[in-house]
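Good morning, everyone; please have a look at the sequence and the structure on the screen, and I will then talk you through a few of the local details.

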Amino acid sequence: MLIPTLYQLKDLKDPAVLKADVIAGITVALVLVPQSMAYAQLAGLPPYFGLYASFLPPMVAAIFGSSRQLATGPVAVVSLLTAASLEPLAAAGSEGFLAYAILLALMIGVFQMFLGLFRLGVLVDFLSHPVVVGFTNAGAIIIGTSQLSKLFGVTAEKAPHHYETVYNVILEAMQNTHLLTFAFAVLSLGIIWGVKKYQPRLPGVLIAVVIATVLSWAIGFEQKGGAIVGVIPAGLPGMVIPTFDWEVMKQLIASTVVISLIGFMEAISIAKAMAARTRQRIDANQELVGQGLSNIVSGLFGGYAVSGSFSRSAVNIEAGAVTGFSSIVTGIVVGITLLFLTPLLYHLPQATLASVIIMAVINLVKVKPIIHAWKAEKHDGIVAVITFALTLVMAPHLEKGIIIGVVLAMVLFIYRTMRPRIAIVSRYYDGTFRDVSVHPELDRCKKILMFRFDMSLYYANAGYFETKVLQMVADNPEVEYLILDAEGINTIDATGEEVLLHLSERLDKVGVTIIIARMKKQFMDTMRNTGTLEKMGGDNRRFFARITFALNQAWTNVECDKCDNGKNCPLRTSVAIEQAKARGDLDPDKPHPVPIA
């Protein structure tokens, strides 16, 4: 359905569910209000932009998305990407910057809607886990260091690269730190950390904001040179129709794609994690529609790009949220804040908002996933490290680090598939076939050579396949039959089947017959559709559903004095068992596998 929330209405008839959703919605709002202002500051926008992006977007995402507990609104990574995308176009905080932020939110929403309606959510799969891990770690460091000037109360010259700007901030802080601002930062960091450690059920961010705001008002922090939030326009946001500058839109296309995919990947990963916990069904394309509509609404009502938040979603589900109504309650509380409570936020120190950002992203810096990726596959580790390094070096042009990481991941994947594992195998005493390079003790038949190709056969590795097969024949001059165990070949393309046909014809001329066993349906469909099956002799001569049938075909036609036409062939399980006993690999007094060939 276009509106999945309609399925949840029956649950809200239960007073217990309604009460749980209301409590969860209010709890999330207590975290969202200060967080949204902090993230807007991170995006280079006035704090009220964050409140506007927290009013209607959470409601729209809950109504049109498929996740019941996903909390949508401003998030750190999307805020950082927004700032990085707009800084080359206008100065942070200027009228042009604000207009472009609204335009970017609309473009992101339209793109996500397009992906969802046309069921193209699979595009997110191009963002591999190593790329995301590398980018997230670098992004967390960039986000944290971007707040240093607000922690120390200094202003430093902005450089072309983020690391140069950080260096300038550090030099300035060493000489001109505003001690009162720094004290507020330390106080806020201490409160958030302390509450999280000793009273994790309490809203530490809200407590820090309240204490810092009251203290700022009491001591006259603004008059003493401290930076505060200042005036926040009271009232709900009105509809804003942005100016569609096509030249600007062209420059924002790459950022739109990157933010859309990164933001949605963050949202869907959170939604799936919660769905696994609650045993609910998640539709990725429906979630794209929900996220897209929430971004469109955010842009139309004066906000900026939003996504699913991990921390607030965790608060939502821990507070007992059952349906998406909790997010509607959250939006209503934010609306009440905009109508009546904005004057109370006037004296909120910007150092406190910077502290909120730092504490929110500090847990995003994780080295273990990179080490894990390295252990799983060295190429993945390389991708994660390079993406991490390039994102740091290229900041504020963050999209370049991601794009290079995605391209590198794809190139390394193709490289791995170009040189897949080709294993010559022989019979093991348990009846299976094992790689002779791993088990050199296994005896081999000089007339029949069996090998396995562990990859789909396509244009990038077809030449490699042909070279390796010809090398096998050259290294085994007495071989008469080649048996290809095709279980690992999921698909074969036009180049692959052409190479296979020419290889068969070429080997036939030198007295070597190639037989294929354990083919998959996709493999056989291609061979039949192209006519290659008939050209190679049909089903019963070259292609067999089981290795046993392929071996029987070879044993029937081969002449071998050593194995007496297959009776004593080392490719038989019975022979392999006897050889294992002779080597001492198998206890003769214990049961052994029943021969299968």
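Predicted model: local features only at pLDDT ≥ 70, side-chain atom pairs only at ≥ 80, totals over all residues.

Let me begin with R119, which counts as exposed at 53% relative accessibility, where exposed means over 50% relative accessible area, buried under 20% and partly exposed in between, using a 1.4 Å probe and protein chains only. Residues are numbered from 1 along each chain as its sequence is written, and side-chain values use heavy atoms, with hydrogens and water left out.

R119 sits in the loop between α6 (95-117) and α7 (129-146), where helices are DSSP runs of H or I with at least four residues and strands are runs of E with at least two, numbered from the N terminus. Its phi is near 55°, a positive value in a residue other than glycine. Most residues other than glycine have a negative phi, and most peptide bonds are trans. R518 also has a positive phi, near 60°, and this residue lies in the loop between β7 (513-517) and α22 (521-530), where it counts as partly exposed at 30% relative accessibility.

Now to the peptide bonds: the one from A395 to P396 is cis, with omega near 15°, and P396 belongs to the loop between α18 and α19. Those helices, α18 (residues 378-394) and α19 (residues 398-418), pack at an angle of about 160° with their axes 8 Å apart, the axes being lines fitted to C-alpha atoms over the stretch in contact, and the angles running from 0 to 180 degrees between N-to-C directions. They are therefore roughly antiparallel to each other, a label for angles over 145 degrees, whereas under 35 is roughly parallel, 65 to 115 roughly perpendicular and the rest oblique.

Finally, which cysteine sulfur is nearest to that of C445? A search of the whole structure finds 0 disulfides, a disulfide being a pair of cysteine sulfur atoms within 2.5 Å. C445 is in none, and the nearest cysteine sulfur, that of C569, is 3.9 Å away, which is too far for a bond.
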